[in-house]
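Dear colleague,

Please find the structure below, together with its sequence.

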Amino acid sequence: MTQHTPTPSDLRGAPFGADELDAARTDLTIGINRIFAASAMSASGHGNISVRLPGHDNLLAINAGDLLRPWPTDDLRVGVPALRAVNDEVVVVDLDGEVRFGTPSPSVAAILKMHVGVYQTRPDVNAVIHTHSPYATSYALASVSLPARYEALLVHGQAVDIPVAPWAPRGTTEAVRAIAETYQAHPQTYGVLLGNHGLLVAGDDAKHAASLVVAIEEAAVSSIGALALGGPVPFPDHVKDVDLRLRF
């Protein structure tokens with residue numbers, strides 16, 4: 001990973017310091033590494049991740065562009081994700097969606113309000129990840145909630161079925177509203193399937209959110225496989241009395 005520590009002139013007038021920005025960048029990098037290492041990403045590698053800036057609940061650090069750096073044009077090897085470096089360029093936005101530092105790519109600029117909307121709706125979370133994880137996205141395309149029948153979901157705090165937010169054009173006010181309303185209707189969920197689109201996961205921090213993305217993708221793979229055997233079965237009723245949550 002190539003760190004790009006801002007100079008004092010870069011941060012002139014910014015309401016945060018270089019150490020806080022570097023801490024957020026490190027959190028983002030941990031999350032990105034975890035989901036790619038677990039092969040929980042789509043072949044395109046498309047996704048975005050945000051975290052609250054340490055010490056600033058009203059500021060978010062979000063990846064500025066693609067999650068992985070472009071493959072060098074002079075390298076003739078196949079640029080598979082395992083050979084590419086994490087892109088640690090970030091932008092900082094406030095909870096009004098205004099960019100306070102950096103320059104987002106057009107793709108990231110289109111989803112800033114989606115991330116902001118989650119933090120506004122769920123002030124208890126500190127990280128948000130969006131992916132097109134293939135098997136989880138299968139549920140989103142079918143507009144079918146992913147049942148919480150896989151123990152790893154409970155371990156990561158996802159004890160309820162993962163609901164589907166109805167589709168609306170990416171980045172629009174309608175899409176942001178649909179996601180917010182889904183979180184409001186399901187206050188115990190960290191994950192939301194985005195109808196006809198992908199997966200959105202909130203978390204206590206980037207590590208937690210990334211681990212839950214992986215668990216959700218595993219749950220989707222296993223649930224689809226279980227359909228051939230009669231379908232995934234619910235947990236016994238007494239599961240609600242068992243604390244399986246892993247404390248990171």
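Which residue in E8 is the bridge partner of Ile129? The partner is Val201. Before I go further, please note that this is a predicted model, in which local features need pLDDT of at least 70 and side-chain atom pairs count only at pLDDT 80 or more, while totals for chains, interfaces and linings use all residues. Residues are numbered from 1 along each chain as its sequence is written, and side-chain values use heavy atoms, with hydrogens and water left out.

**Strands around E8**

Helices (H or I, at least four residues) and strands (E, at least two) are DSSP runs, numbered from the N terminus. Strand E8 covers residues 198-203, and six of its six residues are buried. Here buried means under 20% relative accessible area, exposed means over 50%, and partly exposed lies in between (1.4 Å probe, protein chains only). Strand E5 (residues 127-131) is joined to E8 by five bridges, and the two run antiparallel. Two strands count as paired if DSSP finds at least two bridges between them. Strand E7 (residues 191-194) also pairs with E8 in the antiparallel sense, over four bridges, and Val192 stands opposite Leu200. E7 and E8 form a hairpin with three residues between them, and Asn196 in the turn has a positive phi of about 60°.

Two packed helices are described by the angle between their axes and the distance between the axes. Axes are lines fitted to C-alpha atoms, for helices over the stretch in contact, and angles run from 0 to 180 degrees between N-to-C directions.

The axes of H4 (residues 134-142) and H7 (residues 206-226) come within 7 Å and cross at roughly 70°. H4 is therefore roughly perpendicular to H7. In these terms, angles under 35 degrees count as roughly parallel, over 145 as roughly antiparallel, 65 to 115 as roughly perpendicular and the rest as oblique. The crossing of H4 and H7 is left-handed; a crossing is left-handed if the near helix is turned anticlockwise from the far one by less than a right angle, and right-handed if clockwise.

The axes of H1 (residues 18-37) and H7 come within 8 Å and cross at roughly 15°, so H1 and H7 are roughly parallel to each other. This crossing is right-handed. Residues of H1 in the contact include Asp27 and Ile30, and those of H7 include Ala206 and Lys207; contact means heavy atoms within 4.5 Å.

**Individual residues**

Asp22 lies in helix H1 and is buried, with a relative accessible area of 17%. The C-alpha atoms of Asp22 and Asp88 are separated by 9.7 Å, although the two are 66 residues apart along the chain.

His115, in helix H3 (residues 112-121), is buried at a relative accessible area of 0%. Beyond its neighbours within four places in sequence, His115 is in contact with Asn48, Ile49, Ser50, Ile62 and Val128.

Most residues other than glycine have a negative phi. Ser39, however, has a positive phi near 55°. Ser39 lies in the loop between H1 and strand E1 (47-53) and counts as exposed at 59% relative accessibility. Ser143 likewise has a positive phi near 55°. Ser143 is placed in the loop between H4 and helix H5 (151-155) and is exposed at 53% relative accessibility.

Yours sincerely
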